[in-house]
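Subject: Structure for your review

Dear colleague,

Please find the structure below, together with its sequence. My findings follow it, and I would be grateful if you would read them alongside the coordinates.

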Amino acid sequence: MSVQDLTNAIISGINAGGEQFLEGTLAAALPVIWLAILGLHLGRPYILDMIDRFTLRLGADLLWLVYIALRDLLIVSGVVMSFMFFFPDVVTTDQLPLTGALAAAALFGVLLVKLMGDPDHDLNDFRLVTVLLAVGAALYFIPYVVGVQGNAIAAGAMANISNFLVTSSNPNWAVGIGYVATALFAIMGAVAAVYVVRTGGRAEIQESASTRKGA
Amino acid sequence: MKPDDIANAITQALIQGGSQWMISTIVAFLPALWTMTLMLHLGRPYVLRTLRRCGLRLGADVWWMSYLLMRDAVLLITFALSWIFFSPNIVANAALPITGPLAALCLLIALAVKLSRRVDDDVTAYRVATVFLVLGATLYYGPQVFAIEAASQTYLSGFGQIFTSNSDVGVALAIMWVSLVGVAIIAGWLFVRVSINANRTMQRRHAASQARRTPPEAVPVP
C-alpha cells in the first residue's frame with residue numbers, strides 16, 4: 001500500500017464516517033423533536049388555562065407567543081430534519097424508519113393547514129392538525145421502535161417484520177415510499193406557493209382583494 | 001512504509017478530508033436552509049394572522065421583529081453558503097447539483113427585490129420574490145434529490161449524469177460562469193442603487209443642516 005492509498009483511504013473514511021455520523025445524529029434527534037411537537041400540541045389546553053390566570057395582558061401575550069413560536073418552530077425543524085428521508089442514497093445506506101418520509105409529509109401537511117386555515121381558532125382545522133400529527137407520529141414511531149431499535153432482538157416472524165420496517169434492509173420499499181413522499185411534498189409545496197402568490201403574503205385572500213379595491 | 005510516511009498520510013488526509021468534509025457539510029445543510037427559507041417566506045400569512053391576535057403592541061412588535069430577522073437572516077445565510085457553487089474547482093471536482101448556481105442567482109434576485117422594494121407592503125413585489133424563491137428551490141431540489149443523492153439508483157443514472165456537476169464539467173462550468181455574471185450584474189446594480197440612495201439622503205441631510213446653520217435674513221424694520 002502506498003502513502004497515497006493510505007491518504008485516500010483515510011479521506012474516504014473521514015467523509016463516509018462524518019456523513020453517517022451527521023445523518024445518525026439527525027435520526028437520533030428526530031424522535032425527541034417528534035415527542036416535543038406532540039407534547040406542545042397536546043399541551044394547548046394547559047397553556048390556555050394558564051393564560052386565563054394571568055392578571056397582566058403582557059404576560060399572557062408573551063406566554064402565548066413563546067408557546068406558538070416554540071411549537072411551530074419545532075414543526076418546521078422536524079420537516080427540515082426529515083429531509084434526509086427523500087434522498088435515495090441515504091435511505092438505502094442508513095437504518096431509518098421505513099415510513100419516515102410519509103411522517104415528514106404529514107408534518108408538512110400540518111404546516112400547510114396552519115398556513116391556509118386557522119387551527120388555533122377553527123375547530124375543524126385543529127382536528128385536522130391533530131389527526132395529521134397522530135398519523136405522522138404513528139408512521140414515525142412504529143417503524144422506529146419495532147424496526148430500527150428492535151431489529152437486533154427480534155426473532156422469527158417478528159424479525160421479518162422488523163427488517164421490513166428498516167430502510168436499509170428494505171431498500172426498494174424505502175425508495176418507493178421516498179418518491180411518494182417527495183411527490184406529496186411537491187404537491188403541497190405548490191399549493192402553498194400558489195396560495196401565497198394569490199394572497200400576496202396577506203393574512204387572507206379576501207383581505208388582499210378588498211385592499212386592491214380600496215387602493 | 002515508514003512512520004513518517006504514515007504521519008504524512010494522516011496529515012494530508014486530515015487536511016484534504018477536512019476540506020471535503022466542510023464542503024459536504026455545507027452541501028448537506030443547504031437543503032435544510034432552502035427549506036427553512038421557503039417555509040419562513042411562505043408562512044407570512046400565518047405569522048400575520050397570529051400577530052393580529054396580539055392584544056398588546058409590544059407582543060406584536062416582538063413577534064414581527066423575530067419573524068423578519070429570522071426570515072431574512074436565513075435567506076442571506078443560504079445565499080452565502082451557496083457561494084460554493086461559484087468555486088470552479090469545487091464545481092468540477094465535487095458532486096453538486098448542476099443548476100445550483102442558477103438557484104443561488106434566483107436567491108440573490110429575491111434578495112435584490114427585498115432590498116429595492118418594500119416586499120412586506122407591496123403585494124406585487126412579494127409575489128415576484130416568491131416566484132424567484134420557488135424557482136430557485138426547484139432548481140436546487142430537483143438535481144439534489146434525483147441526481148446527487150440518488151447515485152445508487154441505476155434507472156436514474158442518465159438524469160444523474162446530466163445534473164451532477166462533476167460528471168458534466170463543461171456544462172456545469174458554463175452554467176456557473178453565466179450565473180456568476182448574473183450575480184455580478186445584480187450585485188453591481190445593488191451597489192449603484194445603494195450609493196445613489198446614500199448620496200441623495202446625505203445631500204438632503206447636508207442641505208438641512210446648512211439651512212439650520214445659516215442665520216435667517218434680517219427683516220427690514222419699517
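**Overall form of the chains**

Chain A has a radius of gyration of 22 Å, whereas a compact globule of 215 residues would have one near 17 Å. Please bear in mind throughout that this is a predicted model. The C-alpha trace of chain A spans about 75 × 40 × 35 Å along its principal axes. Its secondary structure consists of nine helices and zero strands, so the order of elements from the N terminus reads α-α-α-α-α-α-α-α-α. Of the 215 residues of chain A, 37% count as buried. As for the contacts in chain A between residues at least 6 apart in sequence, 68% join residues at least 24 apart.

For 222 residues, a compact globule would have a radius of gyration near 17 Å, but the value for chain B is 25 Å. Along the principal axes, the C-alpha trace of chain B extends over about 105 × 45 × 35 Å. Chain B contains eight helices and zero strands, and its elements run α-α-α-α-α-α-α-α from the N terminus on. Buried residues make up 35% of the 222 residues of chain B. Among the contacts in chain B that join residues at least 6 apart in sequence, 68% are between residues at least 24 apart.

**The contact between the chains**

The contact draws 46 residues from chain B and 42 residues from chain A. On the side of chain B that touches chain A, at least two residues come from each of α1 (3-42), α2 (44-52), α3 (57-81) and α6 (123-146) of chain B. The largest share of that side is supplied by α1(B), with 19 residues. By residue type, the side of chain B that touches chain A comprises 26 nonpolar, 14 polar and six charged residues.

In soluble globular proteins, nonpolar side chains tend to be buried together. In this model, the largest nonpolar core has 99 residues, and those with the most contacts inside it are Ala104(A), Val110(A) and Ala181(A). The element that gives the most to this core is α5(A), with 13 residues. Once neighbours within four places in sequence are left aside, Val110(A) is in contact with Ile75(A), Val129(A), Leu132(A) and Leu133(A).

**A residue of α1(B)**

Asp5(B) lies in helix α1 of chain B. Is Asp5(B) buried or partly exposed? Asp5(B) counts as partly exposed because it has 13 C-beta neighbours inside 10 Å, while a buried residue would need 20 or more. The C-alpha atom of Asp5(B) is separated by 76 Å from that of Arg212(B), and the two residues are 207 apart along the chain.

Yours sincerely

Methods:
Residues are numbered from 1 along each chain as its sequence is written. Chains are lettered from A and ligands numbered from 1 in the order in which they are written. This is a predicted model: local features need pLDDT of at least 70, side-chain atom pairs count only at pLDDT 80 or more; totals for chains, interfaces and linings use all residues. Two residues are in contact if their C-beta atoms, placed from the backbone, lie within 7 Å. Helices (H or I, at least four residues) and strands (E, at least two) are DSSP runs, numbered from the N terminus. Ala, Val, Leu, Ile, Met, Phe, Trp, Tyr, Cys and Pro count as nonpolar, Asp, Glu, Lys and Arg as charged, and the others, Gly among them, as polar. The radius of gyration is taken over C-alpha atoms; the globule rule is 2.2 Å times the number of residues to the power 0.38. A residue is buried if 20 or more other C-beta atoms lie within 10 Å of its own, exposed if 12 or fewer, and partly exposed in between; C-beta atoms are placed from the backbone. A nonpolar core is a set of buried Ala, Val, Leu, Ile, Met, Phe, Trp, Tyr and Cys residues joined through C-beta atoms within 7 Å.
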